[in-house]
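Dear colleague,

My notes on it follow, and I would ask you to read them with the model open beside you.

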Amino acid sequence: MLKHIVYFFLTLAFIGIASKQTLAQSETIGSVKETASFGANKFLETEESAPFFIEGEKTKKELELKKLAFEKIITLSSLEIRGLLKKIDGLEDVEAELLPLKKNFTEELENYLDKLIVDADALNNNGDLQSIQSLASDFSEWRESAYNPVVKKVVDFILSEQNKALLKVAEQRFLKIESELNKKTRSAKITIDLWESLLNEAASNLKGARNANTMALALLRDYLPIQDEKIQKSGGLTIRSLVALSLNELKKTYRNFFELGDLVKKATSSK
């Protein structure tokens, strides 16, 4: 039983880390987007404070700085897209109804990568400040109107699917623990009243986690090109808030698992 208790403890730690990492992904991606957007906006500003250059030198210096800044923004965007593509590719057991989302998001992000290549070429082939300013303005508008809304949906999709995988592990663990407890009860090593209420609490927490994630997955259907006529209702909750709620219920479930392991260990060691 000690082996199982150690497992419970490690799994509890894992679920805490996983939930932080899962939700941190959206914050990290948001930070990258903000950095790139901020860079694009700053790029458009005139270098009023560029000191003591004669006019020709100042223009040349400003051009070099703006081209360098634009290159970094393109690189940042490319890294972000490649990271999202890797996460999407790693998602397993996506339900059939949502597979078109996986396909569509992959295609859209790959198209964005192609656009970044075109933008990088245009940047290298334009040597005057006005052209670079125009490219930057178009790029900033594209990120705001096209890119950012799609990335938000992609992150929602990734978070929901990753949480579903964590939920599946917890459900399998619950069934294994329930089976083991029933075996020990039948062999008279423990009594049912020792663990029944705690196992029921774990089942309730697990149900809450499952329900929240089911709602998150249902909201993803609104992202499908062709939606059902019925509107998905979430009581005002967003996909990410539902994922956070589900992860919190999963952490409670694993705490129940740990407590069950501790109870059984104490009961069996006293006999």
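Lys67 is a residue of helix α2. In this model, which is predicted, Lys67 is buried and yet has no salt bridge. How far away is the nearest side chain of opposite charge? That side chain belongs to Glu71, and the distance is 5.8 Å, whereas a salt bridge requires the nitrogen and oxygen atoms to be within 4 Å. A polar atom of the Lys67 side chain does, however, lie 3.4 Å from the backbone oxygen of Leu123.

Salt bridges are present elsewhere, and the count comes to twelve. One of them joins the side chains of Glu97 and Arg221, with 2.7 Å from N to O. Glu97 sits in the loop between α2 and α3, while Arg221 sits in the loop between α5 and α6 (239-269), so this pair ties together parts that are 124 residues apart in sequence. With a relative accessibility of 34%, Glu97 counts as partly exposed; Arg221, at 18%, counts as buried. The limit for "buried" is under 20% relative accessible area, which is why the value of 18% places Arg221 in that class.

Which residues form salt bridges with Asp156? One is Lys152, whose side chain meets that of Asp156 at 3.1 Å, N to O. Lys152 and Asp156 are four residues apart in helix α4, and therefore about one helical turn separates them. Another is Arg240, where the closest N and O atoms are 2.7 Å apart from those of Asp156. This second pair links distant parts of the chain, because Asp156 belongs to helix α4 and Arg240 to helix α6, 84 residues apart. Is Asp156 buried or exposed? Asp156 counts as buried, at 2% relative accessibility. Its two partners are described otherwise: Lys152 is partly exposed, with a relative accessible area of 40%, and Arg240 is partly exposed at 26%. Salt bridges that share partners also join Glu95, Glu97 and Arg221 into one network.

Asp93 is placed in the loop between α2 (55-89) and α3 (99-125). Asp93 is not a glycine, although its phi is positive, at about 60°. Asp93 is exposed, having a relative accessible area of 56%.

I turn lastly to the packing of the helices. Two packed helices are described by the angle between their axes and by the distance between those axes. Helix α4 (residues 129-186) and helix α5 (residues 192-220) have axes that come within 10 Å and cross at roughly 160°. That makes α4 roughly antiparallel to α5, since angles over 145 degrees are classed in this way. The crossing in which α4 passes α5 is left-handed. How do α5 and α6 pack, and at what angle? Their axes are 8 Å apart, and the angle is about 160°. Helices α5 and α6 are therefore roughly antiparallel to each other, and their crossing is left-handed.

With kind regards

Technical notes
Residues are numbered from 1 along each chain as its sequence is written. This is a predicted model: local features need pLDDT of at least 70, side-chain atom pairs count only at pLDDT 80 or more; totals for chains, interfaces and linings use all residues. Side-chain values use heavy atoms; hydrogens and water are left out. Helices (H or I, at least four residues) and strands (E, at least two) are DSSP runs, numbered from the N terminus. Buried means under 20% relative accessible area, exposed over 50%, partly exposed in between (1.4 Å probe, protein chains only). Lys and Arg count as positive and Asp and Glu as negative; His and the chain ends are not counted. A polar contact is a pair of N or O atoms within 3.5 Å; within protein, one must be able to donate a hydrogen and the other to accept it, and residues adjacent in sequence count only if both atoms are side-chain atoms. Axes are lines fitted to C-alpha atoms, for helices over the stretch in contact, and angles run from 0 to 180 degrees between N-to-C directions. Angles under 35 degrees count as roughly parallel, over 145 as roughly antiparallel, 65 to 115 as roughly perpendicular and the rest as oblique. A crossing is left-handed if the near helix is turned anticlockwise from the far one by less than a right angle, and right-handed if clockwise.
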